[in-house]
Amino acid sequence: MSSETLAKVPSAPEIPGSADAPRIVPRRRYGQWAAAVAVLALLGLAVNSVARNQAFQWDVVASSFTSAAILHGLWLTLWLTAVVMVLGFALGTLLAAFRLSANPVLRAVSWGYVWLFRSIPILVQLLLWFNIGALYPQVFGVKTVDLLTPAAVAIVGLTLHEAAFAAEVVRAGILSVERGQIEAAQALGLSRWRRWRRIVLPQAMRAIVPPAGNMLIGTLKGTSIVSVIAVNDLLFSAQLIYHRTYQVIPLLMVATLWYAVVTSLLGIGQYYVEKHYARGTESAR
């Protein structure tokens, strides 16, 4: 074989890891490490400041954390949250069905409801319902002040408010399901109920659960606003104690810690519910 032929033969590719191959050096990100150290230092200073600040009175926080009054207020907060979410999503689902209906009257009523209750702040709504007796002294022969107790006002006001947001969440979840799948189910002869139960609802829940979980946590925290109408929830219970003992900061910290504990548990539950409905999709991996 001539020297010209040998020159045309391609050389063997370099094997990674061989002595002649270039060594790959990872890029050093000094800025990111410096930022992480600075953030950890600031976080440590903040934690140390909170832990060593005597004004927080952590001994009072520990003794009041599981007191009977606080636990009673916590139970009322959890009960109110559950009732409002169930009723709110029941009404919101009905409003979403109206909004998706072919009937223009139902669509208009649903749109108007959502517009109205999303436009009025929840505090204003509660105060209006609390003083509804000034407009309607009696309802079905019963005095309004006897019919609408502070707890009933809280349920009505929060439910009507949450239903407006729940309607949009449910409507968006239903619209996220491809129309072609519903048409395919119709072609297979599935009844309307089976189409909703087997085709629409499982896929819609993937889009409904994340915002619904956020609404649940928001409702839990939002129930603290009912303290303005003297509903004995967690915050109002803490206020009753510190109005008597003048230990404002420790009792507010008790309420803060309980809200943090419950919202953390709800967040964990939301994660597993999302994982359940995301089975078979990329987000479930």
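What is the orientation of α4 and α12 to each other?

Reply: The model is predicted, so to speak of local features a pLDDT of at least 70 is needed, side-chain atom pairs count only at pLDDT 80 or more, and totals for chains, interfaces and linings use all residues. Residues are numbered from 1 along each chain as its sequence is written, and side-chain values use heavy atoms, with hydrogens and water left out.

Two packed helices are described by the angle between their axes and the distance between the axes. Helix α4 covers residues 68-99 and helix α12 covers residues 248-277; their axes come within 12 Å and cross at roughly 40°. An axis is a line fitted to C-alpha atoms, for helices over the stretch in contact, and the angle runs from 0 to 180 degrees between N-to-C directions. Helices (H or I, at least four residues) and strands (E, at least two) are DSSP runs, numbered from the N terminus. Angles under 35 degrees count as roughly parallel, over 145 as roughly antiparallel, 65 to 115 as roughly perpendicular, and the rest as oblique. The two helices, α4 and α12, are therefore oblique to each other.

The crossing of α4 and α12 is also right-handed. A crossing has this hand if the near helix is turned clockwise from the far one by less than a right angle, and is left-handed if the turn is anticlockwise. On the α4 side, the residues that meet α12 are I70, L71, L74, T77 and L78. On the α12 side, they are L251, V254, W258, Y259 and V262. By class, this contact has nine nonpolar residues, one polar and no charged. Contact means heavy atoms within 4.5 Å. Ala, Val, Leu, Ile, Met, Phe, Trp, Tyr, Cys and Pro count as nonpolar, Asp, Glu, Lys and Arg as charged, and the others, Gly among them, as polar.

V60 is 194 residues from V254 in sequence, while their C-alpha atoms are 9.1 Å apart. V60 sits in helix α3, residues 58-64. With a relative accessibility of 11%, V60 counts as buried; buried means under 20% relative accessible area, exposed over 50%, and partly exposed in between, with a 1.4 Å probe and protein chains only. Not counting residues up to four places away in sequence, V60 touches Q247 and P250.

Q247 belongs to the loop between α11 (234-245) and α12. Its relative accessible area is 23%, so Q247 is partly exposed. Beyond residues up to four places away in sequence, Q247 touches Q57, V60 and Y242. Q247 and V61 are 186 residues apart in sequence, with 9.7 Å from C-alpha to C-alpha.

Q57 is in the loop between α2 (30-52) and α3. Its relative accessibility of 29% makes Q57 partly exposed. Most residues other than glycine have a negative phi. Q57 is not a glycine, yet its phi is positive, about 50°. A230 also has a positive phi, near 65°, and is a residue other than glycine. A230 is found in the loop between α10 (192-222) and α11, and is partly exposed at a relative accessible area of 47%.

Helix α5 (residues 104-119) and helix α8 (residues 150-175) pack at about 125°, with their axes 9 Å apart. α5 and α8 are therefore oblique to each other, and their crossing is left-handed. From α5, the contact is made by Y113, V114, F117 and R118; from α8, by L160, H161, A163, A164, F165, A167 and E168. This contact divides into eight nonpolar, one polar and two charged residues.

Q125 is in helix α6, residues 122-130. At 3% relative accessibility, Q125 is buried. Leaving aside neighbours within four places in sequence, Q125 is in contact with F117, I120, G157 and H161.

Last, the whole protein. Its secondary structure comes to twelve helices and two strands, in the order α-α-α-α-α-α-β-β-α-α-α-α-α-α along the sequence. Of the 285 residues, 30% are buried. Among contacts with a separation of 6 or more, 75% join residues 24 or more positions apart.
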